[in-house]
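Subject: Structure handover

Hi,

Here is the structure I promised to pass on to you.

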Amino acid sequence: METSLYDQLGGQPFFERLVNGFYDAVEQDELLRAMYPEDLTESKRHLTLFLIQYWGGPDDYMQERGHPRLRIRHAPFRITKQVRDAWISSMGTALASVRDELTDEQFVELNSYFDMAATQMRNV
């Protein structure tokens, strides 16, 4: 039986570190920061729960928020190539902050997913 990436990475604490690194970068990016509420607590929580579920952890996200429907949830925002690139940059910073916890294969898997997902969110 294959172990989920969630389990391989030690569960929730890894994803909390990743998400905190992401939002630290978002707070430094004027373009992205303007797209988020002043208080990032719930944004951090939602992204953490989503990533945990996506990578094989508990389905708390689905229980609380229903199906992710990422494109629909992001539809109210103008997501241009510039916004997508800023998002990828912020997530890249976050991945770099946890890089020493990842094998090369895990890093590529995470990075590939984030690149694909961010590209699919473009709507302008």
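First, the ground rules. This is a predicted model, with local features needing pLDDT of at least 70 and side-chain atom pairs counting only at pLDDT 80 or more, while totals for chains, interfaces and linings use all residues. Numbering starts from 1 along each chain as its sequence is written, and side-chain values use heavy atoms, with hydrogens and water left out.

**The largest pocket**

The largest pocket holds about 710 Å³ of space. Here a pocket is an open set of points on a 1 Å grid over the protein atoms alone, where a 1.4 Å probe fits, with protein on both sides within 12 Å along at least five of seven lines; lining residues have an atom within 4 Å of a point. Volume is the space filled by probe spheres set on the points, which are joined across faces, edges and corners. There are 26 lining residues, and Tyr-23, Tyr-36, Leu-47, His-74 and Trp-87 lie nearest the centre. Two or more residues each come from α2 (12-26), α4 (41-54), α5 (60-65), α6 (70-74), α7 and α8; helices are DSSP runs of H or I with at least four residues, numbered from the N terminus. The lining divides into 20 nonpolar, three polar and three charged residues, where Ala, Val, Leu, Ile, Met, Phe, Trp, Tyr, Cys and Pro count as nonpolar, Asp, Glu, Lys and Arg as charged, and the others, Gly among them, as polar.

**Two helix pairs**

Helices α7 (residues 81-97) and α8 (residues 104-121) have axes that come within 10 Å and cross at roughly 160 degrees. Axes are lines fitted to C-alpha atoms over the stretch in contact, with angles from 0 to 180 degrees between N-to-C directions. The pair is therefore roughly antiparallel, a word used for angles over 145 degrees. In α7, Trp-87 is among the residues that meet α8, contact meaning heavy atoms within 4.5 Å. That contact has eight nonpolar, two polar and two charged residues.

Tyr-23 of α2 and Leu-47 of α4 are among the residues making the contact.

**One arginine**

Arg-33 is found in helix α3 (residues 30-33). Beyond its neighbours within four places in sequence, Arg-33 contacts Val-26, Glu-27, Glu-38 and Leu-40.

How values were computed: Parallel < 35°, antiparallel > 145°, perpendicular 65-115°, else oblique.
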